[in-house]
Amino acid sequence: MTEADNAASSLAQHAQLFDAGAHVVAAAFVDGAPTLALADGVVLIGDPREQKRVVIYPDAAMLTAISDGKTLLTGGDDGRVVAVLADGSVEDIADEKGRWIDALALRGKACAWSAGKQVRARDESGAIKSWAAPTTARGLAFQRKGFRLAATHYNGATLWFPKVEGAPQTVEWKGAHLDVTFSPDGRFLVTSMQENALHGWRLQDSRNMRMTGYPGKTRSISWSHDGQWLATSGADAAVVWPFKEKDGPMGKAPRECGVRQARVTQVAFHPKALVLAIGYADGLVLLVRLGDAAEILVRHPGDGAVSALGWNATGSQLLFGLDSGAAGLLSLPA
Amino acid sequence: MSTSHEPEKIPVTVLTGYLGAGKTTLLNRILSEPHGKRYAVVVNEFGEIGIDNELVIGADEEVFEMNNGCICCTVRGDLIRIIEGLMKRKGRFDAIIVETTGLADPAPVAQTFFVDEDVKQAARLDAVVTVADAKWLAQRLRDAPEAKNQIAFADVIILNKTDLVSPAELREVEARIRAINPYAALHRAKKCDVPLADVLERRAFDLDRILDIEPDFLVREDDHGHDHDHHDHDGGHHHGLKHYHDEDMQSVAVRLDGDVDPAKFMPWINRLTQEQGPNILRCKGIVAMKGDPKRFVFQGVHMMLDGDSQRDWRPDEKRESKAVFIGRDLMEEEIRNGFLACAA
């Protein structure tokens, strides 16, 4: 590769690099403001040159954080669930009294969290309902329509309507299930597993889908904007499964994007185009266009593993963070 | 250019012991002594710890089967989750202690460190430490399979409450322990008053530290002033301990002078641990591979095997191959003959 080629396929000079100060748990844009959730309990909001620093957990670690673009929801190892807004204001959502918050889900004004087996969902009005999972609930996700929550546990996942009395529906598959996501059209439920595999269910008939072949655990999953592709971490390439057909990925081979000699740790689809941001265990960040597999470098390797990626709503900016605290904000040239 | 070097992994000590043996006493001692170390403690019963410790994590022992075609491959799902979470506090503690319930099998905890890639990357299993009650252990070995498992599995055994038994009873219970596990380091204690150096930083699962696999009492005979009964002629054992045979849990030690043929040995050890893995709790070996100047060392838990080339054989060292297996209903003749058949 010539130097000219290198220059053409790199956006690294457009990335503003900075030190966030601690392991980056989540990277998101809250009301357009770049926002980093850090393991030391701090949230950084705003442009890297003039960041607002909000201390959420002065004496605890932030275990998990998610955002829907309006709110950042955080979970601490002191049991507190906190909602953070772009102006830095915070709202205490729950206090599980020292029990670790293992998973979060967020949809508009509704949210859910789990601490061990205890799963709680809070609706738009603030009413809280509880459900006890058979084992620790490792992952939570809201369906896009209707107030329905999926929770993963050992040997399956359970779909629960918090506002409806009656037994929740459990879909079964042997093994320990970790993270969970609904397909955007609501037809499929997909979990990542302890056994270096994904599992999926077609919800209309509970038909099983096995997605295997990973050398490591998948801990990052992202749907394309059109809902037709599911990108996953856990291999030396981003593994992207096709979900366009009515059978989903059954009987189809996945695409592999950004094949390198390093494990993919984070994936995030662009919100408007079939472009995937990929973060690796060696700190490199890459953009890959699904159509022609063209690759563009965003961050050179070094300083740890990429632990968080997030696009803004228009797809003009990408925020990334590493487990070492290194971070950066890419602004795509217009 | 970044220089990459392996970051120091967090040591994890597993504390087992039957109900009432004194695990919590030992834990409180570890936390209260002025050693300058900060521990993250994983417990199953909150509130028992009498010492203020910044990081006490309550856990449910969630034992998960792995769908990897290995019937005895179980892991502690809660431990995987906790170690992942603790990594968010990296730099704020030095070591992890996992206290299991009195009825727990130590195998899933140990296997977690063989199976889970993320755990392996962040932490290393240091040792399984079992606290045993000198007064009640003999009876528990008869009526509680869990107690026997914990003794068989241990790298370090704290024989506690020795002030509550007579010297004869003490010798008896030690002999019963040795019948099951002759390889663990055995320490007598009252109220768990053992030096913490005997409990922590043992590196019992570190392949580089497998130096020899002689039974503990042979290794320590010189430096231990134990009041062994040297007038006991029962069986003519090395140190005069009365010899017991435990009906279902034994250790098998095999040895051959000289080298093994790797083309025979590797398939044999793999097949043995696959076929008899459910019964083999622990195994360890130092092997001279034909044509290899380095010692080959291995260790295992049930079907999990971990092996590597270690240091060179020294010029003054006899090249020999030996292995020990601790387990239930072990087929001693079959294991011995199989091993001898691997001779180069």
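Mentor: Start with helix α1 (residues 23-32) of chain B, which is mostly covered, with eight of its 10 residues buried. This is a predicted model, where local features need pLDDT of at least 70, side-chain atom pairs count only at pLDDT 80 or more, and totals for chains, interfaces and linings use all residues. Residues are numbered from 1 along each chain as its sequence is written, chains are lettered from A and ligands numbered from 1 in the order in which they are written, and side-chain values use heavy atoms, with hydrogens and water left out.

Trainee: What makes a stretch a helix or a strand?
Mentor: Both are DSSP runs, numbered from the N terminus: helices are H or I with at least four residues, strands are E with at least two. Chain B has 10 helices and 14 strands.

Trainee: Why is B:C73 called buried?
Mentor: Buried means under 20% relative accessible area, exposed over 50%, partly exposed in between (1.4 Å probe, protein chains only). B:C73 has a relative accessible area of 1%, so B:C73 is buried. A:C111 has 3%, so A:C111 is buried too. In chain B, buried residues make up 55% of the 344 residues.

Trainee: Which residues of α1(B) are buried?
Mentor: Among them are B:L26, B:L27, B:I30 and B:L31. Their cover includes β1 (10-17), β2 (39-43), β6 (95-99), β7 and β8 of chain B.

Trainee: What makes β7 and β8 of chain B a pair?
Mentor: Two strands pair if DSSP finds at least two bridges between them. Strand β7 (residues 123-133) and strand β8 (residues 156-160) of chain B have five bridges, in the parallel sense, so they pair. B:D133 stands opposite B:N160 in β8(B).

Trainee: Which strands of chain B form the open sheet?
Mentor: Seven strands do, in the order β3-β2-β6-β1-β7-β8-β9, with parallel pairing. The edge strands are β3 (55-58) and β9 (185-188) of chain B, because each pairs on one side only.

Trainee: How many disulfides are there over all chains?
Mentor: Zero, from a search of the whole structure. A disulfide is a pair of cysteine sulfur atoms within 2.5 Å.

Trainee: How many residues of chain A are in contact with chain B?
Mentor: Contact means heavy atoms within 4.5 Å. By that rule, 27 residues of chain A are in contact with 20 residues of chain B.

Trainee: What is the area buried between chain A and chain B?
Mentor: About 2,100 Å². Buried area is the accessible area (1.4 Å probe) that two parts lose on being put together, summed over both. In chain A, A:W100, A:Y154 and A:Q194 lose the most area to chain B, together 27% of what that side buries.
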